[in-house]
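Reader: I want to learn how to read a two-chain model. Please take me through its features one at a time.

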Amino acid sequence: MTHAPTRPRRVSPEEVRARIGQPEAMVRAKVKDRIDNYFRQFIAHSPFLAMATADAAGRADCSPRGDYPGFVKVLDERTLALPDRPGNKIADSFRNLAENDGVGLCFLIPGVREVLRVNGSGYVTDEPDVLVRMRTEARKPELAIVVEVAEVYFHCGRALLRSRLWDPASRALAEEMPSMGEIAAAQFGADVDPGLLEAAVEDSYRKLY
Amino acid sequence: MQQTVVEHIDRVAEDVVALTLRAAAGELAPWEPGAHVDLSLPNWLTRQYSLCGDPADRHAYRVAVRYDPLSRGGSEYVHRFLRPGRTLPVSPPRNHFPLVAAPRYLFLAGGIGITPLLPMLRAVTAAGLPATLVYAGPSADRMPFADELRRRHGDRVRIVETGRQGRPDLAALAAGLEAGTLVYCCGPAAMLAAADAAFPAGRLHAERFQPVARTFGPDTAFEAVCARSGDTVAVPADESLLDALAHAGHPLPSGCREGVCGSCEVAVLDGVPEHRDDISGPEGRMYPCVSRALSPRLVLDL
């Protein structure tokens, strides 16, 4: 096998447009700037989203957020709030939002093919009236991210159809993955027992809040 | 859990809807005035509501839900997204607010606190006993069932629109209280506090939707022994007994997590619980969402 001498070739935006064509008027028209009742209903039933942010230099980050359906609160037709739950305390999203307020969200509902997309600008808040709506298991988050909505729309279901994401048979893929204990033992390269690491991972998952 | 179907959603005040929940099959569990149930909503939240319909109707329950702008997602879901035809699991009724026999009654309701008192007033008047209802709310359009009550019970019902008339004078009501009268009060914290101050403790029965603000000693660690499995669960100072049990593989049902609903009730076989709830449950029971231990060890019937 020979090594490729260069990176895969780069295509200019003009060339991209020439290859894929123009979006149909219908596709443009579906992008709204307000959260109507259908968008709101989707958010109220969504237990999971991925949030993209970027720092001042444009270096991007994407992180998952999940909780009970409706964990993201609609404050009004232009504003959402996401609770900050305990995680790895790296706080990339917070740091990024301080430098660059751009934020993109993809909401999923298990079983629904379409994805709800929200783009806008975000900032961090500790407003009590917002946090009180996010209490779970007798705790409330210390902080929340407010997203001011610029664009909101349903993304068509092809990606989820092609990926068979909600097909129960797709869960068999998980069996092909080694446990996180095995992976961590190999990646850390230390002489640690994968079984112990796996037990530690499981233990940390028992406390979700 | 009993399966019901949402049959009707009726707007009964500006910010209140009443749900009629029809049994999916057979009869629903019986109940008495003062009882409440847990609704398991489609968004995985469990919420408690007082039964406000007719206990004689064994095929349907009725509850009323006020929209709370600071909702965690329960009342908002019911108001915005619940639709007739949806199946809704409902717990068997529990009653922490039972009607005790008395020669006469005074009922005090504040806003949505009217719900448990509706079947009480109906039962008491059906038994031919004298009863008065003082029902306070900001304005008539925000007071569910006000018209129905006036129609059905006439001058036994006094509607107080606090926006125009101010709060009802509980001290005057207490001064005029006839011998043997029992007072049943359900409403916002301010009304319950006023009732506590105005009426003798032995006469007043109150139901709370929110915990009373109180202070307790510092949280300390203790052990919970699950008698049936023999498991010993360490409860750290910064974790509730309910959470510690769940993390150790002994999940209990839970609702309010504030010591008012009673969903997480568990029997105590040994040890001394520190009751921090507002339920005043039966002897030998505790509510581990808020209650802890005075002894280093509790033995639970789990």
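Reader: In which helix of chain B is the place of Leu117(B)?

Author: Leu117(B) sits in helix α2 of chain B. Helices (H or I, at least four residues) and strands (E, at least two) are DSSP runs, numbered from the N terminus. One caution on the source: this is a predicted model, in which local features need pLDDT of at least 70, side-chain atom pairs count only at pLDDT 80 or more, and totals for chains, interfaces and linings use all residues. Residues are numbered from 1 along each chain as its sequence is written, while chains are lettered from A and ligands numbered from 1 in the order in which they are written.

Reader: Is Leu117(B) buried or exposed?

Author: Start with the cut-offs. A residue is buried if 20 or more other C-beta atoms lie within 10 Å of its own, exposed if 12 or fewer, and partly exposed in between; C-beta atoms are placed from the backbone. Leu117(B) has 30 other C-beta atoms within 10 Å, so it is buried.

Reader: Which residues is Leu117(B) in contact with, leaving aside its neighbours within four places in sequence?

Author: Two residues are in contact if their C-beta atoms, placed from the backbone, lie within 7 Å. With those neighbours set aside, Leu117(B) touches Phe107(B), Ala109(B), Leu133(B), Tyr184(B) and Cys186(B). Look also at Cys52(B). Along the chain, Cys52(B) and Leu117(B) are 65 residues apart, yet 7.6 Å separates their C-alpha atoms.

Reader: Which strand does β7(B) join, and by how many bridges?

Author: Strands count as paired if DSSP finds at least two bridges between them. Strand β7 (residues 104–110) of chain B runs parallel to β8(B), with six bridges between them. The chain gets from β7(B) to β8(B) through helix α2 (residues 114–126) of chain B, in a right-handed β-α-β crossover.

Reader: Which strand is joined to β8(B) by five bridges?

Author: That is strand β9 (residues 157–161) of chain B, parallel to strand β8 (residues 131–137) of chain B. Leu133(B) has Val157(B) as its bridge partner in β9(B). A right-handed β-α-β unit is made here too, from β8(B), helix α3 (residues 146–153) of chain B and β9(B).

Reader: Why is β8(B) largely enclosed by the rest of the structure?

Author: Five of its seven residues are buried, so β8(B) is largely enclosed. In a regular strand the side chains alternate between the two faces of the sheet.

Reader: What are the domains of chain B?

Author: Domain bounds come from an automatic or database domain assignment. Chain B gets domain 1 (2–90), domain 2 (104–207) and domain 3 (222–300). The C-alpha centres of domain 1 and domain 2 of chain B are separated by 23 Å. Their contact takes 13 residues from each of these two domains of chain B. On the domain 1 side, β1 (2–13) and β5 (60–66) of chain B each supply at least two residues. That side divides into eight nonpolar, two polar and three charged residues. By the classes used, Ala, Val, Leu, Ile, Met, Phe, Trp, Tyr, Cys and Pro count as nonpolar, Asp, Glu, Lys and Arg as charged, and the others, Gly among them, as polar.

Reader: How many helices and strands are there in chain A?

Author: Chain A has eight helices and seven strands. Of its 209 residues, 21% are buried. Strand β1 (residues 48–54) of chain A pairs antiparallel with strand β5 (residues 102–108) of chain A over five bridges. Phe48(A) has Leu108(A) as its bridge partner in β5(A). β5(A) is also joined by six bridges to strand β6 (residues 115–125) of chain A, again antiparallel. These two, β5(A) and β6(A), form a hairpin with six residues between them, and Gly111(A) in the turn has a positive phi of about 95°.

Reader: How many residues does the contact take from chain A and from chain B?

Author: The contact takes 14 residues from chain A and 14 from chain B. Helix α3 (residues 37–45) of chain A gives the most to the chain A side, with three residues. The chain A side divides into five nonpolar, three polar and six charged residues.

Note on methods. A crossover is right-handed if, with the strands pointing away from the viewer, the path from the first strand over the helix to the second runs clockwise.
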